[in-house]
Amino acid sequence: LSLLVLTLLLLQSCDAAKGKKGKSKKNREPVAMGASKLAKYIKCEGCKAMSTNLFLQANTLLSEHKGRKKMGEEPVLELLETICNEGEKTGEWLNAIDVVGSSGELSLQMQVEGDETLFQSCSGSECQALVRVCDAVRTEAGESDIAEMIYRGHYMGSAEAFSDRICSKMTESCSEKAVLKEARIEEEFKAMDSKKWEAKKMTKMMKGMGMGAQMYDRENMAEMLEEQGG
């Protein structure tokens, strides 16, 4: 009888321990997630976003140069060099995407207000995670191979076909679904005022030209933006 009582007590003790363990997991507080870790959970959606923007911008290049033969491969290679740089015109799409979801399968959402695309500074871990994904896709697929695909018109019939080729065939970005089991803290998308965004781009452009942005005050910058229709 004493052995039976002891066994029951041990079983109850184990059940209680399991219950406490399960409860602590369930009530675990959301944590801030760094860019390198977050990148693992948005690599498929991030690849699709990158390849879709690359597809659209490549088609714009084709239209501007009136065909592949006149365009050559050089403009495409230049596009690929800057597509993952949030400070460049071709990479500003990175500043317009919000990572949505605190757990499970995360998604990406382009931020728009009416007909206007919203942009934020790429200083947070979500934007930096997207930059990491973009860089990884470009490296794994190979810039020269992507450029050749665009130049020869392969898989350029639709954005979906182009994305599928890059994300499922040329890379392993979408080989498996990444499900976030722990809860994360979602970053707020802090949209910049449109004039401040244009001023930020102009500052970047002037620095690239070797011009000191500090020589211009806000009034000078506003005048320059007005002249350009900003």
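Leaving aside neighbours within four places in sequence, I146 is in contact (heavy atoms within 4.5 Å) with L54, L80, A141, F162, I166 and M170. The model is a predicted one, in which local features need pLDDT of at least 70 and side-chain atom pairs count only at pLDDT 80 or more, while totals for chains, interfaces and linings use all residues. Residues are numbered from 1 along each chain as its sequence is written, and side-chain values use heavy atoms, with hydrogens and water left out.

**Overall make-up**

- The protein holds ten helices and four strands, where helices (H or I, at least four residues) and strands (E, at least two) are DSSP runs numbered from the N terminus.
- Along the sequence these elements follow the pattern α-α-α-α-α-β-β-β-β-α-α-α-α-α.
- Of the 230 residues in the protein, 35% are buried, a term that means under 20% relative accessible area, with exposed meaning over 50% and partly exposed lying in between (1.4 Å probe, protein chains only).
- Among contacts with a separation of 6 or more, 71% are between residues 24 or more positions apart.

- A nonpolar core is a set of buried Ala, Val, Leu, Ile, Met, Phe, Trp, Tyr and Cys residues joined through side-chain atoms within 4.5 Å; the largest one has 44 residues, of which L54, W93, I146, I150, F162 and I166 touch the most other members.
- The elements that give two or more residues to this core are α2 (35-39), α3 (43-64), α5 (74-82), β1, α6 (125-141), α7 (143-152) and α8 (159-170).
- Within α7, the residues I146, A147, M149 and I150 are buried.
- Because the buried residues of α7 fall within an arc of 160° when seen down its axis, they line one face of the helix; the arc is that of the directions from the helix axis to the C-beta atoms.
- The cover over the buried residues of α7 includes α3, α4 (68-71), α5, α6 and α8, and the helix is followed by G153, whose phi is positive, near 80°.

- E92 lies in the loop between α5 and β1 and is buried, with a relative accessible area of 11%.
- Apart from neighbours within four places in sequence, E92 is in contact with N85, E86, F119, W197 and K201, and its side chain joins that of K89 through a polar contact of 3.4 Å.
- A polar contact is a pair of N or O atoms within 3.5 Å; within protein, one must be able to donate a hydrogen and the other to accept it, and residues adjacent in sequence count only if both atoms are side-chain atoms.
- R138, which lies in helix α6, counts as buried at 13% relative accessibility, and a polar contact of 2.7 Å joins its side chain to that of D135.
- Beyond neighbours within four places in sequence, the residues in contact with R138 are M50, L80, E81, T82, I83, C84 and E143.

- Strands β1 (residues 97-100) and β2 (residues 107-110) run antiparallel and are joined by four bridges; two strands pair if DSSP finds at least two bridges between them.
- V99 stands opposite L108 in β2.
- Six residues lie between the two strands of this hairpin, and G101 in the turn has a positive phi of about 120°.
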